[in-house]
Amino acid sequence: MIRVNYCRTGERHRLALSGHAGYDNTGHDIVCAGVSAISLALLAYVQTKAEIREARYESGELLLDCEGGPRTEAAFDMAMTGYVNLADKFPQHVDVYIASDGG
């Protein structure tokens, strides 16, 4: 299962993903591919638009900790929408937890 944990505090965003979907064999797992596509697009975007505190991406793991304004927030909102949609469609393969201070 892929676990997605996201926390927003003001302009700081922290996203941690871990695990593998286990939907299909490596190279054929559409759930893993979907999560990876969202993750890599978000990572590429924030690397050019946000202040990165920490960024690490490897097989089965993503850690992204950054600060940014409204555009960065919008990028995370869009990514989280994608992760939540995958979790809704594949609940045995993706789990999403979102924490926010509301600011």
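This is a predicted model: local features need pLDDT of at least 70, side-chain atom pairs count only at pLDDT 80 or more; totals for chains, interfaces and linings use all residues.
**Entry 1: Arg3**

I began with Arg3, which is partly exposed at a relative accessible area of 43%. The classes I use are buried for under 20% relative accessible area, exposed for over 50%, and partly exposed in between, with a 1.4 Å probe and protein chains only. Residues are numbered from 1 along each chain as its sequence is written, and side-chain values use heavy atoms, with hydrogens and water left out.

I located Arg3 in strand E1. Helices (H or I, at least four residues) and strands (E, at least two) are DSSP runs, numbered from the N terminus. Apart from residues up to four places away in sequence, I found Arg3 touching Ala16, Leu17, Ser18 and Asp95, where contact means heavy atoms within 4.5 Å. I also looked up His20, which is 17 residues from Arg3 along the chain, with a C-alpha separation of 8.5 Å.

**Entry 2: the chain**

I counted 2 helices and 5 strands in the chain. Their order from the N terminus is β-β-α-β-β-α-β. The radius of gyration is 13 Å, close to the 13 Å that the globule rule gives for 103 residues, so the chain is as compact as a globular protein of that length. Here the radius is taken over C-alpha atoms, and the rule is 2.2 Å times the number of residues to the power 0.38. I read the span of the C-alpha trace along its principal axes as about 40 × 25 × 15 Å.

Of the 103 residues, 35% count as buried. I then took the contacts between residues at least 6 apart in sequence and noted that 55% of them join residues at least 24 apart.

**Entry 3: the nonpolar core**

Which residues touch the most other members of the largest nonpolar core? I noted Val4, Leu15, Leu17, Leu42, Phe76 and Tyr83, in a core of 25 residues. Such a core is a set of buried Ala, Val, Leu, Ile, Met, Phe, Trp, Tyr and Cys residues joined through side-chain atoms within 4.5 Å. At least two of its residues come from each of E1, E2, helix H1 (30-49), strand E4 (61-67) and helix H2 (70-89). H2 gives the largest share, 7 residues.

Leaving out residues up to four places away in sequence, Val4 touches Leu15, Ala16, Leu17, Met80, Tyr83, Val94, Asp95, Val96 and Tyr97.

**Entry 4: two loop glycines**

I placed Gly10 in the loop between strand E1 (2-9) and strand E2 (12-18). Gly10 counts as partly exposed because its relative accessibility is 25%. Gly10 and Asp24 are 14 residues apart in sequence, and I noted 38 Å between their C-alpha atoms.

I found Gly22 in the loop between E2 and H1. Gly22 counts as exposed because its relative accessibility is 55%. Beyond its neighbours within four places in sequence, Gly22 is in contact with Asp29 and His93. Met1 is 21 residues from Gly22 along the chain, and their C-alpha atoms are separated by 6.3 Å.

**Entry 5: Asn85**

Finally I looked up Asn85, which is in helix H2. Asn85 counts as partly exposed because its relative accessibility is 39%. Asn85 and Val96 are 11 residues apart along the chain, with 9.8 Å between their C-alpha atoms.
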